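Trainee: I have a model open and want to learn how to read it. Where do I begin?

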Amino acid sequence: NRSDFEPLLREIEGIDGIDGGAIVDVESGMPWCVSAGIAAEGHLLAEAASDYWRMYQRLARNFESLGELRASLLVHSNGRLTLLPCGPGLIAVIKSTQQNGIDWIALQKRVMDIGSLFSS
């Protein structure tokens with residue numbers, strides 16, 4: 001149920017430095033849920049970010065020596081997108097503008113909490 005994600009996305013949005021996030025189906029690029037902090041642009045960001053993730057999946061054999069991808073950080077001049085695996089076929093797309101001070105451990109834990117909804 002998509003409404004199960006909303007409180008967890010609000011928790012992610014509450015982490016200092018995080019502007020918002022979305023839970024995205026990698027295959028289709030369609031967001032399951034988008035937080036209020038990026039609602040205006042979330043669908044476009046989510047779809048575009050899933051293209052990055054699919055590109056990684058196509059080229060994954062080239063990165064085998066590095067191990068499984070845990071996160072992808074896309075740094076742009078006006079912000080960052082962090083892509084994290086989140087359940088089977090899903091990624092979390094997190095937007096941030098703050099350069100330092102983000103609690104990455106808290107962010108990963110919240111994303112893992114969302115992913116655990118799929119293993120129940």
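This is a predicted model: local features need pLDDT of at least 70, side-chain atom pairs count only at pLDDT 80 or more; totals for chains, interfaces and linings use all residues.

Trainee: How many aromatic pairs does the structure hold?

Mentor: A pair of aromatic rings is described by the distance of the centres and the angle of the planes. The structure holds two such pairs. In one of them, Y56 and F63 sit 6.2 Å apart, centre to centre. Their planes make an angle of 35 degrees, and the pair is tilted.

Trainee: Which residues do ring pairs link into a cluster?

Mentor: W53, Y56 and F63.

Trainee: Which residues form the nonpolar patch on the surface?

Mentor: Y52, M55, L59, F63 and L66 form that patch. Together they have about 480 Å² of accessible area. Take L59 from that list. L59 lies in helix α2, which covers residues 42-59. With 38% relative accessibility, L59 is therefore partly exposed.

Trainee: Now the single side chain. What does the side chain of R54 reach?

Mentor: Start with its place: R54 is in helix α2. From there, the R54 side chain reaches the backbone oxygen of V26 at 2.4 Å.

Trainee: Which residues does R54 touch?

Mentor: Leave out residues up to four places away in sequence. R54 then touches V26, E27, S28 and G29.

Terms used. Residues are numbered from 1 along each chain as its sequence is written. Side-chain values use heavy atoms; hydrogens and water are left out. Patches are made of residues with over 30% relative accessible area and no salt bridge: like charges are joined within 9 Å, nonpolar side chains (Val, Leu, Ile, Met, Phe, Trp, Tyr) within 5 Å. Accessible areas come from the Shrake-Rupley method with a 1.4 Å probe; for residues, only the protein chains shown count as cover. A salt bridge is a side-chain nitrogen of Lys or Arg within 4 Å of a carboxyl oxygen of Asp or Glu. Helices (H or I, at least four residues) and strands (E, at least two) are DSSP runs, numbered from the N terminus. Buried means under 20% relative accessible area, exposed over 50%, partly exposed in between (1.4 Å probe, protein chains only). A polar contact is a pair of N or O atoms within 3.5 Å; within protein, one must be able to donate a hydrogen and the other to accept it, and residues adjacent in sequence count only if both atoms are side-chain atoms. Contact means heavy atoms within 4.5 Å. Rings of Phe, Tyr and Trp (its six-membered ring) pair if their centres lie within 6.5 Å; planes under 30 degrees apart count as stacked, over 60 as edge-to-face and the rest as tilted.
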